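Hi everyone, thanks for making time.

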Amino acid sequence: MQFKGRDVIAVKDFSKEEIIHILDEAEKMIPAAKGLTRLKTLEGRILCTLFFEPSTRTRLSFESAMQILGGGVIGFADPSGASVAKGETLADTIRMADAFGDVIVLRHPLEGAARFASEYASIPVINGGDGAGQHPTQTLLDLFTIRQAKGKIEGKKVILLGDLKYGRTVHSMAYALAMFDVEMIFVSPRGLEMPREVIRGLSSIGVTPLETNNLQDVIQDADVLYVTRIQKERFADIEDYLKVAGTYRVDLELLKNAKKDLIVMHPLPRVDEISREVDATPHAWYFKQAFNAIPVRMAILKLVLEGEGP
Ligand code: CP
């Protein structure tokens, strides 16, 4: 397995064995992520975070992960404060980050931006979310969370619920779950179904998820309910958004029909798709999932900068 110097653009670029190795490495990072030990693994190395779109979890957890590993962080959280605002191209911005840092995390509104950036950088580029495309490090921490909660990923029944059209986390997640022999069910409001391109990609490897618009029909025997927000910012017309806003909601009434050990996950931020009353139930795993960003992103940074070894 070769991780050193590697870009992290899409889940599909990694084998199942490589994904399991990242999760195993993340497991070892938990004591440091909880502040119980201190590490100098990446002392003197610099992470450059280039965020052209808003973020709380991805940016802050990457920055935290780098600092826990002893490294430093530079970058911007808003392109209005960078020379992009003066007309600098993405290619030139990437060239600068390449000169100033050792690894780049890029979030960008355009699908394909991370792959494009990787062509201009000699250092590893990590995709922190590219438009409605992919969010591979989110998927890795999602897999880590399922394994933590259920002991294994294989053979589980997983519902992906919500805006499957524009939600990049579910695109990455669908490809990853297909590698783990998971029974997938896609539930979305009409018009926000999983893109046919993803369905065709899954079909080409012999995976045919059930697709439905009705969560009530499929909740009973699910092991994982992965909820996503409607991606308001990706709608060209606000009227189209208003037609689907509020069309699904996970609440205590719905969960009465679920298995006692069903876990509810969400990449966050949530708006109104999970009722606050669910937070106090054993079903709620979304805040533990958010914490898992730290050990998983520590493992990713360590592997792409240092590779294997102590
Ligand atoms: N899950 C996630 O990507 O959250 P942010 O948009 O806050 O980074």
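**Around the ligand**

Okay, let's start with who is standing around the ligand: Ser55, Thr56, Arg57, Thr58, Arg107, His135, Gln138, Pro267 and Leu268 surround it. Keep in mind that this is a predicted model. If you sort that shell by class, you get 5 polar residues, 2 charged ones and 2 nonpolar ones.

In Ser55, a side-chain N or O atom is 2.6 Å from an oxygen atom of the ligand. Thr56 works with its backbone instead: an N or O atom there lies 2.7 Å from a ligand oxygen. And Gln138 has an N or O atom in its side chain that is 3.0 Å from a nitrogen atom of the ligand. How much of the ligand's accessible area does the protein cover? On its own the ligand has 250 Å², and the protein covers 92% of that.

So where are we in the protein? The ligand sits in the largest pocket. To place that in the chain, look at the domain assignment: domain 1 is 11–134 + 293–306, and domain 2 is 136–290. Which domains does the shell around the ligand draw on? Domain 1 and domain 2 each give at least three residues to it.

Where they meet, 31 residues of domain 1 are in contact with 26 residues of domain 2. Okay, that's my part, thanks!

Technical notes:
Residues are numbered from 1 along each chain as its sequence is written. This is a predicted model: local features need pLDDT of at least 70, side-chain atom pairs count only at pLDDT 80 or more; totals for chains, interfaces and linings use all residues. Side-chain values use heavy atoms; hydrogens and water are left out. A residue is near a molecule or strand if one of its heavy atoms lies within 4 Å of it. A polar contact is a pair of N or O atoms within 3.5 Å; within protein, one must be able to donate a hydrogen and the other to accept it, and residues adjacent in sequence count only if both atoms are side-chain atoms. Accessible areas come from the Shrake-Rupley method with a 1.4 Å probe; for residues, only the protein chains shown count as cover. On a 1 Å grid over the protein atoms alone, a cavity is a set of points where a 1.4 Å probe fits but cannot get out, and a pocket is an open set with protein on both sides within 12 Å along at least five of seven lines; lining residues have an atom within 4 Å of a point. A molecule sits in a cavity or pocket if more than half of its atoms lie within 2 Å of its grid points. Ala, Val, Leu, Ile, Met, Phe, Trp, Tyr, Cys and Pro count as nonpolar, Asp, Glu, Lys and Arg as charged, and the others, Gly among them, as polar. Domain bounds come from an automatic or database domain assignment. Contact means heavy atoms within 4.5 Å.
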